[in-house]
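The following exercises concern a single protein model and are each followed by a worked solution.

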Amino acid sequence: MADREEDPENEDDTCEGIYLTEYARRQQWWGRLFGGNNSGPMSEKFSVATQIALGGVSGWCAGYIFQKVGKIAATAVGGGFLLLQIANHSGYVQVDWKRVEKDVNKAKRHLKKNADRAVPEFNSLIDQSTEFVKTNVIITSGFFGGFLLGLAS
């Protein structure tokens, strides 16, 4: 410490380095990218064209990924059913249909009984999502349009 007080050049360099370091710590990367004011709805921060573009691009990416994952899942489930049908037809698998019907009816009763008691976290998530959609209508509509285009491509 004593060396820094005696050498004025060293003090200036140290202060400037500390200032830049503190500035970098305070600045988040998204703050530098989207601007300093990150509070409030999207409609107050970006133009309509920017909101539609952001929503459309992110919606298209989500729709495209949803389409690809959906195709893989449908192929896996359909292939599994096909293999089960081939195994059943060949005699490898015997199905006790009375037991299946009994288990399905038991599951139906269980679902009806528990359907009345909704999970509060799920209701909270729905309320938050609804509020987001109401606050950011433009970006949400861009996302929805992009999602449909992503599904179609």
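This is a predicted model: local features need pLDDT of at least 70, side-chain atom pairs count only at pLDDT 80 or more; totals for chains, interfaces and linings use all residues.

**Exercise 1. Determine which residues Q67 is in contact with, leaving aside its neighbours within four places in sequence.**

Solution. Contact means heavy atoms within 4.5 Å. With neighbours within four places in sequence left aside, Q67 is in contact with G150, L151 and S153. Residues are numbered from 1 along each chain as its sequence is written, and side-chain values use heavy atoms, with hydrogens and water left out.

Step two is to look at the polar atoms. A polar contact is a pair of N or O atoms within 3.5 Å; within protein, one must be able to donate a hydrogen and the other to accept it, and residues adjacent in sequence count only if both atoms are side-chain atoms. The side chain of Q67 reaches the backbone oxygen of S153 at 2.8 Å and the backbone oxygen of L151 at 3.4 Å.

Step three is to compare sequence with space. Q67 and S153 are 86 residues apart in sequence, and their C-alpha atoms are 8.6 Å apart in space.

**Exercise 2. State whether Q67 is buried or exposed, and place it in its helix.**

Solution. Buried means under 20% relative accessible area, exposed over 50%, and partly exposed in between (1.4 Å probe, protein chains only). Q67 has a relative accessibility of 13%, and therefore counts as buried. Q67 lies in helix 4; helices (H or I, at least four residues) and strands (E, at least two) are DSSP runs, numbered from the N terminus. The buried residues of helix 4 are Q51, G55, G56, G59, G63, Q67 and A87. What covers them includes helix 7.

The length of helix 4 can then be checked. The expected span of a helix is 1.5 Å times one less than its number of residues. Just after helix 4, G91 takes a positive phi of about 95 degrees.

**Exercise 3. Explain how the buried residues of helix 7 are arranged around its axis.**

Solution. Helix 7 covers residues 137-152; its 16 residues reach 23 Å from the first C-alpha to the last, close to the 22 Å expected. Its buried residues include I139, G142, G146 and G150. Seen down the axis, the buried residues of helix 7 fall within an arc of 75 degrees, so they line one face of the helix; the arc is that of the directions from the helix axis to the C-beta atoms. The general rule is that an α-helix has 3.6 residues a turn, so residues three or four places apart point the same way. On the other side of helix 7, V137, F144 and A152 are exposed. The cover over the buried residues of helix 7 includes helix 4 (48-90).

**Exercise 4. Identify which residues form one aromatic cluster, and describe its pairs.**

Solution. Rings of Phe, Tyr and Trp (its six-membered ring) pair if their centres lie within 6.5 Å; planes under 30 degrees apart count as stacked, over 60 as edge-to-face and the rest as tilted. The structure holds three aromatic pairs. One of them joins F66 and F147: the centres are 5.7 Å apart, with 50 degrees between the planes, and the pair is tilted. F66 lies in helix 4 and F147 in helix 7, so this pair ties together parts that are 81 residues apart in sequence.

F143 and F147 form a stacked pair, with 6.2 Å centre to centre and 20 degrees between the planes. Because F143 and F147 are four residues apart in helix 7, about one helical turn separates them. F66, at 53% relative accessibility, counts as exposed, whereas F143, at 34%, counts as partly exposed. Taken together, F66, F143 and F147 form one aromatic cluster.
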